Amino acid sequence: MGRLSAAGPWRNWARTASATPQRVAHPADQDELVETVRSGMEAGLQVRAVGAGHSFTPVAASEGVHLHLDRLNAFERVVPQPDGTTHVTVGAGIRLGALNAQLAAHGLGMRNLGDIDKQSIAGAISTGTHGTGARLGGLATQVVGARIVTAKGEVLETCPETNPEHFELARLGLGTVGVLSAVTLEVVPAFKLEAVEEPWHLDRVLERLDGPDGLVEGNDHFEFYWFPHTRRALTKRNNRVPDDVERPLHRVRGWVDDELLSNGVFAVTNTLATLAPHTTARINGLASRALSSRRFVAPAPEVFVSPRRVRFREMEYAVPRDQLVPVLSEIDRWLEASGEHVPFPVEVRFAAADDVWLSTAHGRETAYIAVHQYIRRPFEAYFRAVEKIVAAVDGRPHWGKIHWLQAERLGELYPRFADAQRVRQQADPDGVFSSPYLARLFGA
Ligand SMILES: Cc1cc2nc3c(=O)[nH]c(=O)nc-3n(C[C@H](O)[C@H](O)[C@H](O)COP(=O)(O)OP(=O)(O)OC[C@H]3O[C@@H](n4cnc5c(N)ncnc54)[C@H](O)[C@@H]3O)c2cc1C
């Protein structure tokens, strides 16, 4: 079983990174946040905000001041819009689980979500966290305004009309232009999803991806998990259903599905594969069959979110959607040729093109390929090989997951990267919100 602790198995990566902050602050409100940023600057310290510390890299680490915004978690405003959406302003430190619960209490919900709800809204948008859905963007595309504390210690409101360039990096910018104190989200009336999860042959999945009725366009949210060393995949199709559809009681999603199958089976297969790596292919074949079909209806957040109790490392690349199949074939070929044993499935998701400057789906319909490796197994050879494969199709790395790219290459991958560097430089000329890791990504 993955190592469990009272706080859950996801050790705070930001805290365990090599950087040890000189000061740790938990401001109670925005005024205290401003004071903390100012006093850090006056002491010549770099200042970084941390959310839930769920990124797989030191992106939130700081050797100066580490700001925890858990206490900035209140709903400030709920403003219905003429088009039926609602603009909701929330404290930036609110965790997605609490956000979803409070939105539901207002009869509201996010259009799309990723697969866990432990992150803070600030951390999730800042790294481009996304779910799946060919007609939908990541969480940052659902942001319509953001309030930041700048490197001058001032409070700045940003939105597409006011300070639009700061807004671009406030909604997805790794905390480079300021500390988010509040975020305004465009949300929709709460909705239910019908989830259909089925093991399929991988070739059947790949043949049926495209076209208007294909798996990607023909479902609101489609994703699949491919079990390396096999031709098996677990498919997930989630579609909106009318509010009066009830959960079929005989197939309620519950402990057996979520805990035993999703986590228990993975815990066992990963442990076995670690003890006897040569059995990985057989184990993956068995695991892909153990995850049997199920169908259930539930409020959307319950369908999007699953518990993740087996710890792993992850790298995820966004590739042009039409390059997905060749890239998967290349990864398959490399795995077989290299002798590398990978017990963890490869997750494939989809997103619409968007216009967010640093979004991994900027300007192109996107497929996401996420490779994972069990925490107790070596990962670098596998991840570096996949990084090399996706480089050939201009893959863009998830900002919160492992990768080895630097500013020069990122500049080639993002058409607005030079704008992002310019705005960062103007907003924070002294590097108050920088760190060694950010300097690698954006240049000094
Ligand atoms: C089990 C697991 C499942 C995951 N599932 C998904 C998924 O489905 N989809 C996906 O896309 N990603 C996924 N991720 C990645 C995760 O969503 C991102 O790494 C996200 O950034 C984590 O949020 P956090 O609150 O922990 O942020 P942190 O890791 O703490 O911080 C991330 C970044 O946000 C900045 N930041 C945090 N708070 C603020 C603030 N107030 N102001 C300014 N900047 C701030 C930090 O400085 C840092 O640069 C998953 C990660 C794990 C561990």
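## A ligand, its shell and the strands around it

Asn163 lies in the loop between strand E8 (155–158) and helix H5 (164–171). Helices (H or I, at least four residues) and strands (E, at least two) are DSSP runs, numbered from the N terminus. This is a predicted model, in which local features need pLDDT of at least 70 and side-chain atom pairs count only at pLDDT 80 or more, while totals for chains, interfaces and linings use all residues. Residues are numbered from 1 along each chain as its sequence is written, and side-chain values use heavy atoms, with hydrogens and water left out.

Let us stay with Asn163 for a moment. Its phi is positive, about 50 degrees, although Asn163 is not a glycine. Most residues other than glycine have a negative phi. Asp394 also has a positive phi, near 55 degrees, and is not a glycine. You will find Asp394 in the loop between helix H11 (380–391) and strand E17 (396–397). At 30% relative accessibility, Asn163 counts as partly exposed, and Asp394, at 37%, counts as partly exposed too. Here buried means under 20% relative accessible area, exposed over 50%, and partly exposed in between (1.4 Å probe, protein chains only).

Now to the ligand. It is surrounded by 35 residues, and the closest are Ala49, Gly51, His54, Ser55 and Thr127. The shell divides into 14 nonpolar, 16 polar and five charged residues. In this count Ala, Val, Leu, Ile, Met, Phe, Trp, Tyr, Cys and Pro are nonpolar, Asp, Glu, Lys and Arg are charged, and the others, Gly among them, are polar. Strand E2 (47–50), helix H4 (121–126) and strand E9 (179–189) each supply at least two residues of the shell, and H4 gives the most, with four.

| Side chain | Ligand atom | Distance |
|---|---|---|
| Arg48 | oxygen | 3.1 Å |
| Asp115 | nitrogen | 2.8 Å |
| Arg349 | oxygen | 2.8 Å |

The protein covers 99% of the 960 Å² of accessible area that the ligand has on its own. Accessible areas come from the Shrake-Rupley method with a 1.4 Å probe.

E2, one of the elements in the shell, also belongs to an open sheet of three strands in the order E1-E3-E2, with parallel pairing. Strand E1 (23–25) and E2 stand at the edges with a single partner strand each, so one side of each has no neighbour in the sheet. Two strands pair if DSSP finds at least two bridges between them. Four bridges join E2 to strand E3 (residues 65–68), and Val50 has His68 as its bridge partner in E3.

Thr57 lies in the loop between E2 and E3. Is Thr57 buried or exposed? With a relative accessible area of 6%, Thr57 is buried. Its C-alpha atom is separated by 8.6 Å from that of His403, 346 residues apart along the chain.

E9, which also supplies shell residues, runs antiparallel to E5, and six bridges join the two. Thr86 has Val187 as its bridge partner in E9. Strand E5 (residues 86–91) is mostly covered, with five of its six residues buried. On E5 there is also strand E4 (residues 75–80), paired in the antiparallel sense over five bridges, with Val90 in E5 as the bridge partner of Phe75. E4 and E5 form a hairpin with five residues between them, and Gly84 in the turn has a positive phi of about 95 degrees.

Conventions. A residue is near a molecule or strand if one of its heavy atoms lies within 4 Å of it. A polar contact is a pair of N or O atoms within 3.5 Å; within protein, one must be able to donate a hydrogen and the other to accept it, and residues adjacent in sequence count only if both atoms are side-chain atoms.
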